[in-house]
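Subject: Structure for you to look at

Hello,

Here is the structure I promised to pass on. Please open it and keep it beside you while you read my notes below.

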Amino acid sequence: MTWQDDAGRDLVKSFGPRMAMFVRGEGSYLWDADGKRYLDFLAGIAVDSLGHAHPVFVDAVATQAATLSHVSNYFATPPQLALAATLKRLAGTGDAGRVYFGNSGAEANEAAFKLARLHGGSARPRILALKDAFHGRTMGTLALTGKPYMQEPFLPMTPGVEFIDSTVEALEEAIDDRVAALFVEPVKGEAGVLPLPAGYLTAAREITQRHGALLIVDEIQTGAGRTGAWFAFQHEGITPDAITVAKGIGGGFPIGALITFGEASELFYPGTHGSTFGGNPLGTAVAGAVLAEIERADLVRNAAERGAQLRAAIERIDSELIEGCRGAGLLMGVGLRHPVAKALVAAAGEHGLVINATNDDTIRLVPALTIGDVEIDEFVELFTAALRTVEDALVLDAPSGSSTGREVSA
Ligand SMILES: Cc1ncc(COP(=O)(O)O)c(C=O)c1O
């Protein structure tokens, strides 16, 4: 029996076949069960901000586990209060901000959905969200996710959510005083790493304010420095009513949070929301240590600089497959001219590089925020090799006399 047999028999079928079995990680590298080394430019889907087995992460887990792991939300703990204060400071909420802790991105967005309902009451039953944006897989967050094919098997959805195009005009047209909130994903990751149009957040802030609706920014993938700012909304200098964070703030420890600003901070009252595990001292101590290391090592700046460096390096690769790069900082999408993203991911794996396809023609790169010259040079080498493998397959598959190959299936 192989591990593939075990996985095929024992694990839920909602995920496709696992591409490898990893047994160890260090920095930006992973090792599989056969001892093969991989350069990891996925980082657990934008989660492992400090890379794998970073000493700060390891020490925080070990020290807090040996001190106090969990006591429930009937009680306060020092790591929880410290992390709430840190998140408020980094998000710029001022004193009026508050933090709700959960254990994942979806839980953070569930809390945000409830926040919107508390704000809206019966007078504001409408919620606006963006077509193609991704907010999670739970029933509430699926209702916020503007992807009909994801919702379809699970209909009916929680009512009230309407999807609009990501343009200021579409928002102006859709909004009225019966809207409780607008949800936005500032860079649509799952949709192909598509940033919102420049100025959209600024306009959305003004328009939602004018109509008394909350502006809720999903920073689950973009937060914790990934785009070259602590949070993507800060690139436009706006103040939202709430943001949701997860992924990178825990650096590999499951944690999520809703951070509220101003009056939105007064909407929850006792009994309206909760979580057994959310905000426990173990998770909050680890996230606190991860954020402190991101600050100490200036990794937000590193994300901006290395993102630009990586982008320039990719644009120098001589490959007719590459259309161009998009995204911000170390949240990068590489657009492809042919629908070969899955084949490219497979070829990259063969060459010892972990990357991800968000759709048929986009590769998502979300490496650890710690990457430097060595990782970028090695990435270019391995990615170029994977591109050559796919290009060769395209040429082999192309009908004779044709210059464009047909789709290579993964
Ligand atoms: C923008 C965004 N929102 C929400 C989620 C859901 O987070 P989780 O998978 O932790 O529930 C994700 C996860 O990919 C995400 O990228």
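**What I found**

Leaving out neighbours within four places in sequence, Glu391 makes contact with Ser319, Glu320 and Leu321. Glu391 belongs to helix α13, which covers residues 373-397. Its relative accessibility is 13%, so Glu391 counts as buried, the cut-off being under 20%. Val340 is 51 residues away from Glu391 along the chain, and the C-alpha atoms of the two are 9.5 Å apart.

One thing to keep in mind throughout: this is a predicted model.

**The ligand**

Start with the residues around it. They are Ser104, Gly105, Ala106, Asn109, Phe134, His135, Gly136, Glu185, Asp218, Ile220, Gln221 and Lys247. By type, this shell splits into six polar, three charged and three nonpolar residues. Which helix gives the most to the shell? Helix α5, residues 105-120, does, with three residues.

A polar backbone atom of Gly105 is 2.8 Å from an oxygen atom of the ligand. For Ala106, a polar backbone atom is also 2.8 Å from an oxygen atom of the ligand. Asp218 uses its side chain: a polar atom there lies 2.7 Å from a nitrogen atom of the ligand. How much of the ligand does the protein cover? On its own, the ligand has 390 Å² of accessible area, and the protein covers 80% of that.

**Helix α3**

Next, go to helix α3, residues 55-65. Its buried residues are Phe57, Ala60 and Gln64. Look down the axis of α3: these buried residues fall within an arc of 65°, so they line one face of the helix. What do they pack against? The partners are α4 (78-91) and α10 (281-296).

Ser166 sits in the loop that runs between β6 (161-164) and α8 (168-174). Is Ser166 buried or exposed? Its relative accessibility is 16%, so Ser166 counts as buried. The side chain of Ser166 makes a polar contact of 2.7 Å with the side chain of Lys188. Residues up to four places away in sequence aside, Ser166 touches Leu130, Lys131, Lys188, Leu196, Pro197 and Tyr200.

Tyr200 leads on to helix α9, residues 200-210, where it is one of the buried residues. Just after α9 comes Gly212, with a positive phi of about 70°.

**Leu299**

Leu299 is placed in helix α11, residues 299-316. It has 6% relative accessibility, so Leu299 counts as buried. Its contacts, neighbours within four places in sequence aside, are Leu50, Glu293, Ile294, Leu369 and Thr370. Lys131, which Ser166 touches, is 168 residues from Leu299 along the chain. The C-alpha atoms of Leu299 and Lys131 are separated by 32 Å.

**Backbone points to check**

Most residues other than glycine have a negative phi, and most peptide bonds are trans. Here are some exceptions.

- The peptide bond from Leu155 to Pro156 is cis, with omega near 5°. Pro156 is in the loop between α7 (148-151) and β6.
- Ile45 has a positive phi, near 60°. It is in helix α2, residues 43-46. With a relative accessible area of 31%, Ile45 is partly exposed.
- Ala46 has a positive phi too, near 65°. It is also in helix α2. At 2% relative accessibility, Ala46 counts as buried.

If you have time for one view only, take the ligand. Begin at Asp218, with its side-chain atom 2.7 Å from a ligand nitrogen. Then turn to the backbone of Gly105 and that of Ala106.

Best wishes

Notes:
Residues are numbered from 1 along each chain as its sequence is written. Side-chain values use heavy atoms; hydrogens and water are left out. A residue is near a molecule or strand if one of its heavy atoms lies within 4 Å of it. A polar contact is a pair of N or O atoms within 3.5 Å; within protein, one must be able to donate a hydrogen and the other to accept it, and residues adjacent in sequence count only if both atoms are side-chain atoms. Accessible areas come from the Shrake-Rupley method with a 1.4 Å probe; for residues, only the protein chains shown count as cover. Helices (H or I, at least four residues) and strands (E, at least two) are DSSP runs, numbered from the N terminus. Ala, Val, Leu, Ile, Met, Phe, Trp, Tyr, Cys and Pro count as nonpolar, Asp, Glu, Lys and Arg as charged, and the others, Gly among them, as polar. Buried means under 20% relative accessible area, exposed over 50%, partly exposed in between (1.4 Å probe, protein chains only). The arc is that of the directions from the helix axis to the C-beta atoms. Contact means heavy atoms within 4.5 Å.
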